[in-house]
Amino acid sequence: MEEITLHWYALKVFYNKVFEIEDLLDAMGIETYLAVDKMLLKGAAHLIARRHIATLKAQGKRDTRYMEEGALIFQRTPLVSSLLFFRADEGGLRAVESAMKDANDNAKGFIFKTADWKQYAIIPDRQMATFRLVTAKGSEGLEFFSSDSLTRFKEGRKVRVKEGPFKGAEGYIKRIRRDRRLLVSIEGIVAVATAYIPPELLETVPE
C-alpha cells in the first residue's frame, strides 16, 4: 500500500473570505490552522451573536467567526490578515488548488510557492508546530512581520524556550526596536516575535 504523505502549506485568501475558505476546506476533509484572537462577547453583542448562531443552526449552517464554549460565545479575529494554513497530501493539495477558483475562473486566493515559483512551498512540520505553539493563545505580546521585512533585524542566536507558556518553541533572539525578543518564522511567509523572554528560560540549540 502506498504511504500517504501530508505536508503543511500556506494559503493567502482574497476579499476577507478566510472564514469561508476555512469552512470550505473543513467540509473537504482538509485539516486547517488559522491563528486567531478570541474575544469574549458580552451584553448586546453576546445576544446578537446568540440569535445569529441559532438562526444558522436551524438552517443547518454555521458561522466560524464565532466559537461557543458552553454559555460563552467568542468572536474569532485572524492574527494575520487572510492567512490560512492547511495540511494535505498531493491529492488534497490539487483539490485546494481547484477550490481557489470560482465558477467564472476568478481566483479566491493562492497557495504560497517557493522562491523560484516552480512548486508549492512545503512548510516543515517543526516550523509549523512552533508557530502554532506561539500563536495558540492569541495576540497578547505578539508582533507579526512579513518574511521580506526580517533583514532589517540583527542576527541572533538560535534558542529553545525551556519553561513558561512557550515551552518547546524554537527561534532566534533578535533585537527589535532595542528589545531582545524571540522571533519564530515560517520561511518565505510570515514571522512572529514574542514579548521579552528572560534569558534564564532559554537554552541555545545548534543550527
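A nonpolar core is a set of buried Ala, Val, Leu, Ile, Met, Phe, Trp, Tyr and Cys residues joined through side-chain atoms within 4.5 Å. In this structure, which is a predicted model, the largest such core has 27 residues, and F85 and F131 are those with the most contacts inside it. Two or more residues come to this core from each of β1, β6, α4 (125-135), β9 (158-161), β11 (179-186) and β12. In soluble globular proteins, nonpolar side chains tend to be buried together.

| Residue | Residues touched |
|---|---|
| F131 | Y33, A35, F85, F144, V184, I186, V190 and V192 |
| T194 | V134, G141, L142, F166, R181 and L182 |

T194 lies in the loop between β12 (190-193) and β13 (202-204), and T194 is buried, because its relative accessible area of 0% falls under the 20% limit for that class.

Helix α1 spans residues 18-27, and its buried residues are V18, F19, I21, E22 and L25. Viewed down the axis of α1, these buried residues fall within an arc of 160°, so they line one face of the helix. An α-helix has 3.6 residues a turn, so residues three or four places apart point the same way. The partners against which the buried residues of α1 pack are the strands β1 (7-13), β2 (31-33), β5 (72-78) and β6 (83-88), together with the helix α3 (90-99). After α1 comes G29, which has a positive phi, near 80°.

Technical notes: Residues numbered from 1 in each chain as written. Predicted model: local features only at pLDDT ≥ 70, side-chain atom pairs only at ≥ 80, totals over all residues. Heavy atoms only, no water. Helix = DSSP H or I, 4+ residues; strand = E, 2+ residues; numbered from the N terminus. Buried < 20%, exposed > 50% of the residue type's maximum accessible area, 1.4 Å probe, protein only. Contact = heavy atoms within 4.5 Å. Arc of directions from axis to C-beta.
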